Amino acid sequence: MTEMNVPAVTVTEVVLPGKVEPSGLRLVERALPAPAAGQALVRVESTAVSFAESAMRRGRYYGQPPFPFVPGYDLVGVVEAVGPGVNSSLTGRRVAALTKTGGWATAALLTAADLVEVPDGVSADEAETLVVNGVTAYQMLHRSAKVRARQTVLVLGASGGVGTILVQLARHAGARVIGTASPRHHDALRALGVEPIDYRDPDLAARVRELAPCGVDAVFDHLGGASVTRSYRLLNRTGTLVAYSIASKLTTPRPCCPASCDCWPNWPSGTTCPRAGTRASTTSGRVQESRTQPSGKRSGPSCAPISRTCSASCATACSPRRSPPATRWLRWPRPWNWPSPPAGPPLARSS
């Protein structure tokens, strides 16, 4: 381990001063101090303009810092200097980092332990496309939906940044993939082993049902709103819905529930307390809430009558380990082949 004394450097940053049009972004120069203990100075080679920054510019991204700030969710660059306590062998290495903010700069001070070395032969631009998009796709596929070989998944926006990686990871896992995209991207999706559907097709749900008569095992929905209900209805009895990027669709940001929160989304809005067997766990800053429903009858020759698990981003706030402010009816958007839920009183959590 070694300590290195380096002079301060001047960096240029793109500052977001408030809710402005892209033309309102400002270029600012400032002096960056030498790396402190545990830090590394990274000269930025590549960063990105993603959906997250677009939402931040409108003040609609949950957890964004107060204006003004430097956007930039991720970056790839070369380590120029390290601070005390950091191995000097890191100097000169190309690294990737998930920053959430601060990536739109010519250089950045980052915690050395958070840097991931980029393999030799991979360019900065290639590596950059895999940071946020790749981590998002991997966690949704393997941690939230737990997709396995021979399952069928539906990816909305399959030609997008997250969608393109998601379909490749799903195919690598041995899953069958149905993807929505503009017709001009269909040939590229077919080359990846995807069965494409026009996202503007007014009978999109019917097209999916033609390809998967018993429903799909997972839907990855980046649209939110009414699309979540449609996606839910396309699942089979054991399917999982993963809805992401919903926060940016809201008029104002609303926090996600913590892992200890005892609440359940009353789709499409509101909360109600859970019955026994409900659990919640966070994934990448979002909450995955799971609940099993009673088994139903078979709806097709290969449909297994097993319990169902549902996943969704929690778009409403609630207090940990406490009942929500109001109790509402638990309304389940019923798939086309599902029986109606049993009648009963509003669900209430006993204290």
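**Close-up views of a predicted model**

**View 1. The antiparallel sheet.** Strands S4 and S5 belong to an open sheet of 5 strands, arranged in the order S6-S3-S4-S5-S7 with antiparallel pairing. Strand S6 (107–111) and strand S7 (116–117) are the edge strands, and each of them pairs on one side only.

**View 2. The parallel sheet.** Another open sheet is formed by 5 strands in the order S10-S9-S8-S11-S12, and here the pairing is parallel. Its edge strands, S10 (194–198) and S12, each pair on one side only. From one strand to the next, the twist averages 20°.

**View 3. Strands S9 and S10.** Strand S9 (residues 176–181) runs parallel to S10, and 5 bridges join the two. Within this pair, Ala181 stands opposite Asp198 in S10.

View 4. Helix H7 (residues 226–233) lies across strand S11 (216–221) and strand S12. The helix runs at about 155° to S12.

View 5. Tyr244 is located in the loop between strand S12 (235–243) and strand S13 (264–265). Is this residue, Tyr244, buried or exposed? Tyr244 has a relative accessible area of 6% and is therefore buried, the cut-off for buried being under 20%. Val228 and Tyr244 are 16 residues apart in sequence, and their C-alpha atoms are 10.0 Å apart in space.

Technical notes: Residues are numbered from 1 along each chain as its sequence is written. This is a predicted model: local features need pLDDT of at least 70, side-chain atom pairs count only at pLDDT 80 or more; totals for chains, interfaces and linings use all residues. Side-chain values use heavy atoms; hydrogens and water are left out. Helices (H or I, at least four residues) and strands (E, at least two) are DSSP runs, numbered from the N terminus. Buried means under 20% relative accessible area, exposed over 50%, partly exposed in between (1.4 Å probe, protein chains only). Two strands pair if DSSP finds at least two bridges between them. Axes are lines fitted to C-alpha atoms, for helices over the stretch in contact, and angles run from 0 to 180 degrees between N-to-C directions. Contact means heavy atoms within 4.5 Å.
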